[in-house]
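I opened this structure to look up a few residues, the cores and the pocket. My entries follow.

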Amino acid sequence: IPKSGGTTTKAIYECLHQTLASRAGSLPKFGHDKDEEIVAFHPWRENGPTYVNVDTSTPEGILHAEEMGLVPSGLADLIITGYISFAIEHLFDDAHKGR
């Protein structure tokens, strides 16, 4: 399977102390998978990377992120997904454009 650079991108943005939206934020082991409000948290240690409690790795997760207001919340600096067109269609609007 060819690599697209997602793992490297995540590592770079983690080092830059950016808040990420990806699958890791919704893993049950971190205790935020059932949250009803969107939050940013440190899954591994207080001075480690920050993630938002959504899963943008699947269309279902993207729809859930839309319902929770991921983009309007302004919490995520970077959204990581393999479903780019789907994410654009469901997460962004005229008032909240991607950069």
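I found S22 buried, because its relative accessibility is 3% and buried means under 20% relative accessible area, with exposed over 50% and partly exposed in between (1.4 Å probe, protein chains only). S22 sits in the loop between β1 and β2 (40-41). For element names I used DSSP runs numbered from the N terminus: helices are H or I of at least four residues, strands are E of at least two. I then listed what S22 is in contact with, leaving aside neighbours within four places in sequence: K10, Y51, V54, D55, T56 and I80. Contact here means heavy atoms within 4.5 Å.

A note on the source. I am reading a predicted model, where local features need pLDDT of at least 70, side-chain atom pairs count only at pLDDT 80 or more, and totals for chains, interfaces and linings use all residues. Residues are numbered from 1 along each chain as its sequence is written, and side-chain values use heavy atoms, with hydrogens and water left out.

Next, the overall fold. I counted four helices and four strands in the protein chain. Their order from the N terminus is α-β-β-β-α-α-β-α. The C-alpha trace spans about 35 × 35 × 25 Å along its principal axes. The radius of gyration is 13 Å, which agrees with the value near 13 Å for a compact globule of 99 residues. That radius is taken over C-alpha atoms, and the globule rule is 2.2 Å times the number of residues to the power 0.38. Buried residues make up 33% of the 99. Of the contacts between residues at least 6 apart in sequence, 53% join residues at least 24 apart.

Then I looked at H17. H17 lies in the loop between α1 (6-15) and β1 (19-21). I noted a positive phi, near 60 degrees, in this residue other than glycine. H17 counts as exposed because its relative accessibility is 61%.

A76 was next. I found A76 in the loop between α3 (70-73) and β4 (78-79). A76 counts as partly exposed, because its relative accessibility is 21%. Beyond four places in sequence, A76 is in contact with T19, A21, V52 and L70. A76 and N53 are 23 residues apart in sequence and 10.0 Å apart in space, C-alpha to C-alpha.

Which residues make up the largest nonpolar core? I listed 11: A21, I38, V52, V54, I62, A65, M68, L70, V71, A87 and L91. The largest share, three residues, comes from α2. A second, separate core has five residues, including L20, Y51, L78 and I80. A nonpolar core is a set of buried Ala, Val, Leu, Ile, Met, Phe, Trp, Tyr and Cys residues joined through side-chain atoms within 4.5 Å. M68 also touches D35, E36, E37, I38, N53 and V54, not counting residues up to four places away in sequence.

Last entry: the lining of the largest pocket. α1 gives the most, with four residues. By class I noted 11 nonpolar, 10 polar and five charged residues. Ala, Val, Leu, Ile, Met, Phe, Trp, Tyr, Cys and Pro count as nonpolar, Asp, Glu, Lys and Arg as charged, and the others, Gly among them, as polar.
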